[in-house]
Amino acid sequence: MMNKHIYPYFKKENVYLDELKADDIQRYYYRKSLEGITSNSLLRHHSNLYTCLKYATKKHLIQQNPMMDVVRPKAVKFVPNFYSPTELINLLEVSKDSKIYVCIILAALLGLRRSEIIGLKWQNVNFTDKTIMIKLKAYRLRKDDNDTISPKLKTSSSYRILCLPDVLIKYLTNLRDLQLTKLKSPDYNQEYKDFICVDECGNRLNLDQVTNTFIRLIKQKNLRKIRFHDLRHSCATMLMILGYSIKQIQLWLGHSDISTTGNIYLHISTKDKSDMAKRINDVIQIYL
């Protein structure tokens, strides 16, 4: 956010720290909104600017924090877009030949984030216990950078172990066997052999590939338009239909509700997680 938006903007405008005024920041919000930055995203820009300039004031780099006179961007309530279970099953059926099918099925059945999916390694899957550990993510600092794999997830609750539906165990077992066979070829890229999400040549899939391929797939198959991230919302919707509580779903998805201060995360038992995986399996298995 700082490197891509805030710093380049004020450098281009030739506005120095000790000259920065509330009007400059207000103008920044306006111009960024014209670029398509949402109000909710601008709120995060606002928070970063406030923190930085508060620190600058504390260190006497500026006499007064101009953020005190800035009108805070208004939050817009987010209404998620999602597929119904029927639409989700149809997507899984028509996307079987897609190079990002592994990403689609992991997002649809487990509600994983795109970054979490790209970071998955085979060592994170326990085929005996039928579990998968979410502990790595892919990210990039700048648009043109290559993806970097990091153990620093979005929040502490993002680190989690999920039980796998039998249909997903079967799919991942077959995928692993296929990749092991391909590894014997001298033309297959050995560098990413530990990663689950690779293409037919062994190259690790990247964040842009997942997003762009999904957009094209939805259009080609004449499916209702959603984002790849909306598969996460679709998974949550399926779990709600199956009767699970919001707290259980929050833990399954690795959500963190920071707006409820003092709220302690409630842990659901492994039995509950196994039941969730089994019921997802019951919904999906006849179609795969």
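Which residue in β2 does asparagine 126 stand opposite? Threonine 131. Some notes on the rest of the structure follow.

1. Ground rules. This is a predicted model, with pLDDT of at least 70 needed for local features and 80 or more for side-chain atom pairs to count, while totals for chains, interfaces and linings use all residues. Numbering starts from 1 along each chain as its sequence is written, and side-chain values use heavy atoms, with hydrogens and water left out.

2. The sheet. Three strands make an open, antiparallel sheet in the order β1-β2-β5. At its edges sit β1 (125–126) and β5 (160–163), each pairing on one side only. Strands here are DSSP runs of E with at least two residues, helices are runs of H or I with at least four, and both are numbered from the N terminus. Two strands count as paired if DSSP finds at least two bridges between them.

3. The pairings. β1 and β2 are joined in the antiparallel sense by two bridges, and they form a hairpin with four residues between them. In that turn, lysine 130 has a positive phi of about 60°.

4. A pocket is an open set of points on a 1 Å grid over the protein atoms alone, where a 1.4 Å probe fits, with protein on both sides within 12 Å along at least five of seven lines; lining residues have an atom within 4 Å of a point.

5. Of the 16 lining residues, Tyr7, Phe10, Val15, Tyr16 and Leu17 lie nearest the centre. Helices α1 (2–12) and α3 (39–58) are the elements giving two or more residues. By class, the lining has 14 nonpolar residues, one polar and one charged.

6. Helix α10. Glycine 254 follows α10, with a positive phi near 75°.

Key. Nonpolar A, V, L, I, M, F, W, Y, C, P; charged D, E, K, R; others polar.
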